[in-house]
Amino acid sequence: MLSQQAKSEIQQLMTKYPDARSAIMPALHLAQREVGWLPDDVIQEIGDLLGLSKTEVNGVATFYTMYARDQPGRHTIMFCADLPCALRGADEMLEHLEHKLGCRASQTSPDGKITLQEAECLGGCNHAPVMLIDGAEHAQDLTSEKIDEIIERLRNT
Ligand code: FES
């Protein structure tokens, strides 16, 4: 459910664009910033505010990976799938991580605690393979053992 403030801001967006469809993306950004993800009722609210169907708004929300249509876990892991990391075994580490979490990239572990996303270069190529935890902690020179330790820690916090 969007706050009154967010609803007003979305209505304001309508004055900045030539048509309502152009306001879908900024409205989705605004809603995701407030709610943390984009559940069905929020998609519906955006549609109502913009005078568009839920299907039209959902079409945009599901097309772009930057919009979260599923509730994210308490923690997020961004795993670098770029070439320098791939050359140092990132594919194998990602497979290990997916097995450990019980989910694939772009999904959340069945216990709802950790969301896994693939990412482009995370700026730590000299210590590849690399992943970024909760947008703040770089885990570098990854091994299966390091990944196991990190996952255990995250599951308990
Ligand atoms: S390519 Fe993976 S951190 Fe740069």
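Visitor: Which domains does the domain assignment give?
Guide: Domain 1 (4–63) and domain 2 (75–155). The bounds come from an automatic or database domain assignment. The C-alpha centres of domain 1 and domain 2 lie 31 Å apart. This is a predicted model: local features need pLDDT of at least 70, side-chain atom pairs count only at pLDDT 80 or more, and totals for chains, interfaces and linings use all residues. Residues are numbered from 1 along each chain as its sequence is written.

Visitor: Which residues of H2 and H4 meet?
Guide: Ile24, Met25 and Leu28 of H2 meet Val57, Val60 and Ala61 of H4. Contact means C-beta atoms, placed from the backbone, within 7 Å. Six of the contact residues are nonpolar, with no polar and no charged ones.

Visitor: How do you know that E1 and E3 pair?
Guide: Pairing takes at least two bridges found by DSSP. Strand E1 (residues 75–80) and strand E3 (residues 114–119) have six, and run parallel. Phe79 stands opposite Glu118 in E3.

Visitor: What about E2 and E3?
Guide: Strand E2 (residues 107–108) pairs with E3 over two bridges, in the antiparallel sense. Gln107 has Leu116 in E3 as its bridge partner. Five residues lie between the strands of this hairpin, where Gly112 takes a positive phi near 75°.

Note on methods:
Helices (H or I, at least four residues) and strands (E, at least two) are DSSP runs, numbered from the N terminus. Two residues are in contact if their C-beta atoms, placed from the backbone, lie within 7 Å. Ala, Val, Leu, Ile, Met, Phe, Trp, Tyr, Cys and Pro count as nonpolar, Asp, Glu, Lys and Arg as charged, and the others, Gly among them, as polar.
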